[in-house]
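Reader: I am new to this structure. Could you take me through it step by step?

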Amino acid sequence: QVVFLAESCNEPAYKKLVQGLCVEKNVPLVDVPDNKSLGEWAGLCKIDKDGLPRKVVGASCVCVTDFGEEGQAYEYLMNYLSSK
């Protein structure tokens, strides 16, 4: 499991709650600078015919509980988390 939290979230109580839950449950927390980027990574957008994201919806927090198939991206993330 891993949690991504947007730094651009403008609700300090929400950020504090998510950070506290991550500490309590021992879940890694990754800060993401922009909520639009986080929304795009989570698939909260439409992809146009050229493969570009359109109508991106911002996300303050994204939790990943199932990584699916392990590959290069999974290994990169695990290396990043272990170096923190």
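**Strands, helix and pocket**

Author: This is a predicted model. Start with strand β1, which pairs with strand β5 (residues 61-64) through 4 bridges. The two strands run antiparallel.

Reader: Which residue of β5 is the bridge partner of Val3?

Author: The pairing of β1 with β5 is antiparallel. Within β5, the residue bridged to Val3 is Cys63.

Reader: In which sense do β1 and β2 pair, parallel or antiparallel?

Author: Strand β2 covers residues 29-32. Phe4 stands opposite Val30 there. Over 4 bridges, the sense of the β1 and β2 pairing is parallel.

Reader: What is the hand of the β-α-β crossover from β1 to β2?

Author: The pairing of β1 with β2 is parallel. The chain leaves β1, passes through α1 and reaches β2. The hand of this crossover is right-handed.

Reader: How many residues of β1 are buried?

Author: In a regular strand, side chains alternate between the two faces of the sheet. Here Val2, Phe4 and Ala6 point one way, while Val3 and Leu5 point the other way. All of these are buried, a term for under 20% relative accessible area. β1 is therefore largely enclosed by the rest of the structure, with a buried count of 5 of 5.

Reader: How far apart are the end C-alpha atoms of helix α1?

Author: Helix α1 has 14 residues, 12-25.

Reader: Which residue just after α1 takes a positive phi?

Author: Just after α1, a phi of about 60 degrees is taken by Asn26.

Reader: Which element supplies the largest share of the lining of the largest pocket?

Author: The largest pocket has a volume of about 160 Å³. Its lining includes Val3, Val18, Leu21, Cys22 and Cys63. β1, α1 and β5 each give at least two lining residues. The largest share is 4 residues, and it comes from α1.

Reader: How is the aromatic pair of Phe67 and Tyr74 arranged, stacked or edge-to-face?

Author: The structure holds 1 aromatic pair. The rings of Phe67 and Tyr74 are 5.2 Å apart, centre to centre, with 70 degrees between the planes. Planes over 60 degrees apart count as edge-to-face. So, by that cut-off, the pair is edge-to-face.

Technical notes
Residues are numbered from 1 along each chain as its sequence is written. This is a predicted model: local features need pLDDT of at least 70, side-chain atom pairs count only at pLDDT 80 or more; totals for chains, interfaces and linings use all residues. Side-chain values use heavy atoms; hydrogens and water are left out. The expected span of a helix is 1.5 Å times one less than its number of residues. Rings of Phe, Tyr and Trp (its six-membered ring) pair if their centres lie within 6.5 Å; planes under 30 degrees apart count as stacked, over 60 as edge-to-face and the rest as tilted. Buried means under 20% relative accessible area, exposed over 50%, partly exposed in between (1.4 Å probe, protein chains only). Two strands pair if DSSP finds at least two bridges between them. A crossover is right-handed if, with the strands pointing away from the viewer, the path from the first strand over the helix to the second runs clockwise. On a 1 Å grid over the protein atoms alone, a cavity is a set of points where a 1.4 Å probe fits but cannot get out, and a pocket is an open set with protein on both sides within 12 Å along at least five of seven lines; lining residues have an atom within 4 Å of a point. Grid points are joined across faces, edges and corners, and a volume is the space filled by probe spheres set on the points.
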